[in-house]
Amino acid sequence: MLRVVHYLNQFFGQIGGEDKASIPPMVKEGPVGPGMAFKGSFGDKAEIVATVICGDSYFNENIEKATEEILQMIEKYKPDVFIAGPAFNAGRYGTACGTICKAVQDKFGIPAVTGMYPENPGVDLYKKNVYIIKTTDSAAGMKDAVAKMAKLTLKLGFKENIGAHEEEGYIPRGMRKNIFVVERGSKRAVEMLIKKLKGEPFTTEYPMPDFDRVSPAKAVKVKESLIALVTSGGIVPKGNPDHIESSNASKYGKYVIEGIDNLTNKTHETAHGGYDPVYANEDPDRVLPVDVLRELEREGKIGKLYRYYYATVGNGTAVASAKKYAQSIAKELIADGVKAVILTST
Amino acid sequence: MVKELERAGIPTVHICTIVPISKTVGANRIVPAVAIPHPLGNPSLGFKEEYALRKKLIEKALKALETDIESQTVFE
């Protein structure tokens with residue numbers, strides 16, 4: 001029977017919500033939470049011998065230290081395979097799952113499997129290194145995610161052949177494998193071209209990697225510049241007048257800060273549902289630093305602080321939405337002569 | 001968002017805690033922050049020290065905006 005160690009965050013590890021996101025790693029013998037579902041899928045072929053649980057914020061604020069601590073915990077259980085998550089569209093959790101999977105593979109030479117929604121930032125960070133099963137964006141897809149992850153875990157553990165990504169359900173790793181097909185390449189290429197010319201659907205055998213990089217904009221003289229504040233940390237006027245959602249935000253807000261020297265717990269709050277809101281609600285300047293920028297404005301260290309700020313909630317928010325918000329914000333900023341932006345994220 | 005603002009030609013500095021995520025989404029000027037729930041503060045400090053810490057981070061961010069760079073740069 002394969003020995004499996006499982007990694008979970010504080011939420012799926014049944015420790016608590018955002019208020020427990022800062023807990024350091026701990027280990028529990030046997031399966032916990034989603035581990036029970038894996039147990040069902042593994043049957044008598046594999047056993048979760050231990051579960052490591054760590055707070056999402058603790059992990060991401062101390063990536064190296066946390067990784068080291070978790071590796072030490074895993075070592076004594078001598079696993080044959082390692083699994084993490086699934087993390088769905090939780091960014092901090094996905095980053096943690098990917099980091100730990102890669103570290104376990106590198107240190108112990110055993111395979112690892114995790115699961116994420118394709119827009120999870122952990123995917124772009126680790127898809128080349130780790131098998132990441134493609135999941136839905138929320139835990140509603142747990143059943144399907146566990147079934148696919150468990151199947152791949154067993155195959156890897158028993159050193160069976162791993163099929164292509166469509167067959168196994170993982171996110172393509174950018175690796176090429178030689179296979180035999182009936183038709184030769186020239187014929188397949190011509191057939192594909194004919195389909196393309198006819199406007200019919202076709203499947204490429206080698207998708208081009210998507211390198212979406214923007215070259216850095218030119219530096220500015222901040223002393224002479226109008227500077228704007230933008231945040232994905234969800235800071236809104238008290239009462240959240242635009243009802244920006246606490247996750248997967250469908251909009252952004254534009255709010256006046258002219259004449260405001262300092263954000264307080266009476267004037268502003270956070271609408272973000274993906275981090276413990278206590279500190280941001282106590283003093284919203286901890287996320288949107290209006291107080292310091294006002295002082296620097298008075299001291300003449302920046303030209304001027306733009307009279308509005310923009311805010312959305314960056315919590316499981318679709319990349320396409322974020323892109324759209326920023327494009328429309330950029331248009332307004334340029335029209336108003338803003339020369340540089342400070343964007344804060346939680 | 002950082003990338004789209006830059007694409008539109010506005011130099012943008014990203015102050016954030018999880019630097020690997022910022023890099024992977026394509027921010028060019030990155031300033032590492034304090035912690036996820038309080039990127040520009042530290043509730044365990046006194047008011048004055050916390051303010052000074054925030055000011056230091058903002059000054060770093062302003063310096064990043066004043067620096068011409070060729071590729072993604074983390075301003076430690």
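Which hand does the crossing of H3(A) and H4(A) have? The crossing is right-handed, a crossing being left-handed if the near helix is turned anticlockwise from the far one by less than a right angle, and right-handed if clockwise. The model is a predicted one, in which local features need pLDDT of at least 70 and side-chain atom pairs count only at pLDDT 80 or more, while totals for chains, interfaces and linings use all residues. Residues are numbered from 1 along each chain as its sequence is written, chains are lettered from A and ligands numbered from 1 in the order in which they are written, and side-chain values use heavy atoms, with hydrogens and water left out.

Chain A contains 11 helices and 12 strands, where helices (H or I, at least four residues) and strands (E, at least two) are DSSP runs numbered from the N terminus. Along the principal axes, its C-alpha atoms fill a box of roughly 70 × 60 × 35 Å. Of its 346 residues, 49% count as buried (under 20% relative accessible area; exposed is over 50% and partly exposed in between, with a 1.4 Å probe and protein chains only). Among contacts in chain A with a separation of 6 or more, 72% are between residues 24 or more positions apart, contact meaning heavy atoms within 4.5 Å.

Helix H3 (residues 63-75) and helix H4 (residues 91-108) of chain A pack at an angle of about 55°, with their axes 10 Å apart. H3(A) is therefore oblique to H4(A). Axes are lines fitted to C-alpha atoms, for helices over the stretch in contact, and angles run from 0 to 180 degrees between N-to-C directions; those under 35 degrees count as roughly parallel, over 145 as roughly antiparallel, 65 to 115 as roughly perpendicular and the rest as oblique. From H3(A), the contact includes A:Ile63, A:Leu71 and A:Ile74, and from H4(A) it includes A:Ile100, A:Val104 and A:Phe108. The residues of this contact comprise 8 nonpolar, 2 polar and 3 charged (Ala, Val, Leu, Ile, Met, Phe, Trp, Tyr, Cys and Pro count as nonpolar, Asp, Glu, Lys and Arg as charged, and the others, Gly among them, as polar).

Helix H1 (residues 34-42) and helix H6 (residues 142-157) of chain A also pack at about 55°, with axes 9 Å apart, and are therefore oblique to each other. Their crossing is right-handed. A:Pro34, A:Ala37, A:Phe38, A:Ser41 and A:Phe42 of H1(A) meet residues of H6(A) that include A:Met142, A:Val146 and A:Leu154. This contact of H1(A) with H6(A) has 10 nonpolar, 2 polar and no charged residues.

In H1(A), the buried residues are A:Pro34, A:Gly35, A:Phe38 and A:Phe42. Seen down the helix axis, these fall within an arc of 100°, so they line one face of H1(A); the arc is that of the directions from the helix axis to the C-beta atoms. They pack against strands E1 (2-9), E3 (46-54) and E4 (81-88) and against H6 of chain A. A:Gly43, with a positive phi near 60°, follows H1(A).

A:Gly233 is placed in the loop between strand E7 (226-231) and strand E8 (235-237) of chain A. With 0% relative accessibility, A:Gly233 counts as buried. Leaving aside residues up to four places away in sequence, A:Gly233 touches A:Thr270, A:His272, A:Tyr275, A:Val287, A:Thr312, A:Thr344 and A:Thr346.

In chain B, B:Arg54 belongs to helix H3 (residues 47-66) and is buried, with a relative accessible area of 1%. Residues touched by B:Arg54, not counting those up to four places away in sequence, include A:Asp283, A:Asp285 and A:Asp291 of chain A as well as B:Leu40 and B:Gly41.
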